[in-house]
Amino acid sequence: MTKYYDPVEAMDRAALEELQLERLKDTIVNAKKSPFYEARLSGVNPEDFKSVDDIKKLPFTTKDDLRSQYPYGMLARSLDDFVRLHASSGTTGTPTAVFYTQKDLDTWADLMARSMFCCGCRRSDVLQNMSGYGLFTGGLGIHYGSERLGMLTVPAGAGNTKRQIKLIRDFNVSVLHIIPSFALYFAQKVQEEGFDTKDMPWKIALIGAEPHTEEARRKIEEMMHIKAYNSYGLSEMNGPGVAFECVHQKGMHIWEDAYIVEIINPETGEHVAEGEIGELVMTTITREGMPIIRYRTRDLTRFVPGKCECGRTHRRIDRIAGRADDMMILKGVNIYPMQIEQCLMAMPEVGQNYLIELVTEGVSDQLKVKVEIKEDYFVEDMRALQGLQKKIAKNLCNEILITPRVELCQHDSIPKAEGKAVRVIDNRDK
Ligand code: AMP
Ligand code: ZN
């Protein structure tokens, strides 16, 4: 049996870097066919690039650049050559659109199939895609990758728990693609419908599309009796299939034959030291229709040092610690939502959902955290509840150095988003 989906996954590093350099040079030539890069890269000569590290000579591309070029300014082919578009899930401002030629869709499907194979999916598996289809890349992106790998693919889409359970049981679904916040909710629903998650046919969950902690992953694994693998991607870089965990679950392999990956200090733009956290910056080197150079993802992560036991040579990134723009500053302290999740999900009393709210009270800003409590702990005894409230506030304070106002909520009472979870609501006076 083959160990890898594509031999390139275990390519010797020197040869891989050689390949990246060649592809980078081609990308520069290709990118200059778009109105945006024609101007941005004027004066750049690919022949001046002697190693991958020379990528530092190139300017960054930001989300604002993509917005300013909306809709067609980034395209390196004529519109006739494109067959699909997707858009980012961002809810504010001008959206960003990403366009694919048929070749780009093929490359993406291959990367996706490779990613799924890497965490143990095989053509004999049946995959149920439980994420929304439409402009969001988690629908069609996962779908075509799953078919490319040869899995029987059930395009269930989002929501409708009862129907999801029926499909899973009827078709012996062994792999789920599911957003982590929904997985936590779904696990509970399955039990409420009278099924034991141990008896379900599933064995693998592909979870991604939104930040989540190791604690949330473990909770999903325990509640569902499943192995959950982290899947990272963003529409600007195709969508899912950018980086994926292998069976060892020690960081996500980021496919370096398709992307050049850098991690920078978001303030200075300089590369951080190996193993340090910074902002992920990516360059597409196999995309013909809409090449993007040195894209500032705003996602914070680090390279996982050392080699992976699976033998793949493509470096691993750690789970996303947060986004450079979702840091909250309260009373002078920097807080990331994932710190709060980590703390909550480690507590046995805490249920599946929580909501962070920032409010202004009088002259100062306050942090409120609404937390769903497991039914067993949601008791009549006021003293017990107050004790739990204090315990949660204390644990959070240990982590974030601020004592938040904790509100205990009944199971399933915090509204659930249809797609990616909304974890923070900012109601501060502007
Ligand atoms: P979109 O392009 O709208 O699908 O959003 C992409 C963004 O979702 C990324 O830039 C990340 O911020 C987030 N994201 C995607 N996958 C993950 C993941 N596995 N862990 C954490 N955040 C993720
Ligand atoms: Zn590995």
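## Exercises: a zinc site, helices and loops

In sequence, the donor residues of the zinc ion (ligand 2) follow the spacing C-x6-H-x54-C-x1-C. Donors are N, O and S atoms within 2.8 Å of the metal (3.2 Å for Na, K and Ca); water is not among the atoms, so sites may look incomplete.

This is a predicted model: local features need pLDDT of at least 70, side-chain atom pairs count only at pLDDT 80 or more, and totals for chains, interfaces and linings use all residues. Residues are numbered from 1 along each chain as its sequence is written, chains are lettered from A and ligands numbered from 1 in the order in which they are written, and side-chain values use heavy atoms, with hydrogens and water left out.

### The zinc site

**Task.** Find which atoms coordinate the zinc ion (ligand 2), and explain what makes the arrangement tetrahedral.

**Solution.** 
- Start with the atoms. They are C246 (SG), H253 (NE2), C308 (SG) and C310 (SG), at 2.1 to 2.3 Å.
- Next, take the angles. The 4 donor atoms subtend 100 to 119 degrees around the zinc ion, which makes the arrangement tetrahedral.
- Check the rule. Four donors count as tetrahedral if all angles lie between 85 and 135 degrees; four count as square planar and six as octahedral if opposite donors are over 155 degrees apart and all others between 65 and 115; anything else is irregular.
- Then look at accessibility. C246 has 0% relative accessibility, so C246 counts as buried. H253 also has 0%, so H253 counts as buried.
- Here is the scale: buried means under 20% relative accessible area, exposed over 50%, partly exposed in between (1.4 Å probe, protein chains only).

### The sides of helix α10

**Task.** Which residues of α10 are buried, and why are they on the same side of α10?

**Solution.** 
- Place the helix. α10 covers residues 382–400 and has 19 residues. Helices (H or I, at least four residues) and strands (E, at least two) are DSSP runs, numbered from the N terminus.
- Compare lengths. α10 reaches 27 Å from its first C-alpha to its last, close to the 27 Å expected at 1.5 Å a residue. The expected span is 1.5 Å times one less than the number of residues.
- List the buried residues of α10: L385, L388, I392, A393, L396 and I400.
- They cover an arc of only 130 degrees around the axis, which puts them on the same side of α10. The arc is that of the directions from the helix axis to the C-beta atoms.
- Recall the geometry. An α-helix has 3.6 residues a turn, so residues three or four places apart point the same way.
- Turn to the other face. The face away from the buried side of α10 carries the exposed residues R383, K390, K394 and N398.
- Find the neighbours. The buried residues of α10 pack against β17 (333–335), α9 (337–345), β18 (350–361), β19 (364–373) and β20 (405–409).
- Finish at the ends. At the start of α10, a side-chain oxygen of D381 comes within 2.9 Å of the backbone nitrogen of R383. After α10 comes L401, with a positive phi near 70 degrees.

### Helices α4 and α5

**Task.** Decide why α4 is described as largely enclosed by the rest of the structure, then list the buried residues of α5.

**Solution.** 
- Count first. In α4, 12 of the 17 residues are buried, so α4 is largely enclosed by the rest of the structure.
- Name some of them. The buried residues of α4 include W108, L111, M112 and F117.
- Step past the end. Just after α4, G120 has a positive phi of about 110 degrees.
- Now α5. Its buried residues are T137, G138, G139, G141, I142, H143, G145, S146 and L149.
- G150 follows α5, with a positive phi near 100 degrees.

### Backbone in the loops

**Task.** Where is the place of N160, and is Q249 buried or exposed?

**Solution.** 
- N160 sits in the loop between β4 (152–154) and α6 (161–170). Its phi is positive, about 50 degrees, although N160 is not a glycine. At 47% relative accessibility, N160 counts as partly exposed.
- Q249 lies in the loop between β8 (239–245) and β9 (252–254). Phi of Q249 is positive, near 55 degrees. With a relative accessible area of 12%, Q249 is buried.
- Y70 and P71 are joined by a cis peptide bond, with omega about 0 degrees. P71 belongs to the loop between α3 (63–68) and β1 (82–87).

### One residue and its contacts

**Task.** Which residues does A216 touch, not counting residues up to four places away in sequence?

**Solution.** 
- A216 is in helix α8 (residues 214–224). Its relative accessible area is 1%, so A216 is buried.
- With those sequence neighbours left out, A216 touches L184, E341 and M345. Contact means heavy atoms within 4.5 Å.

Note on methods:
A polar contact is a pair of N or O atoms within 3.5 Å; within protein, one must be able to donate a hydrogen and the other to accept it, and residues adjacent in sequence count only if both atoms are side-chain atoms.
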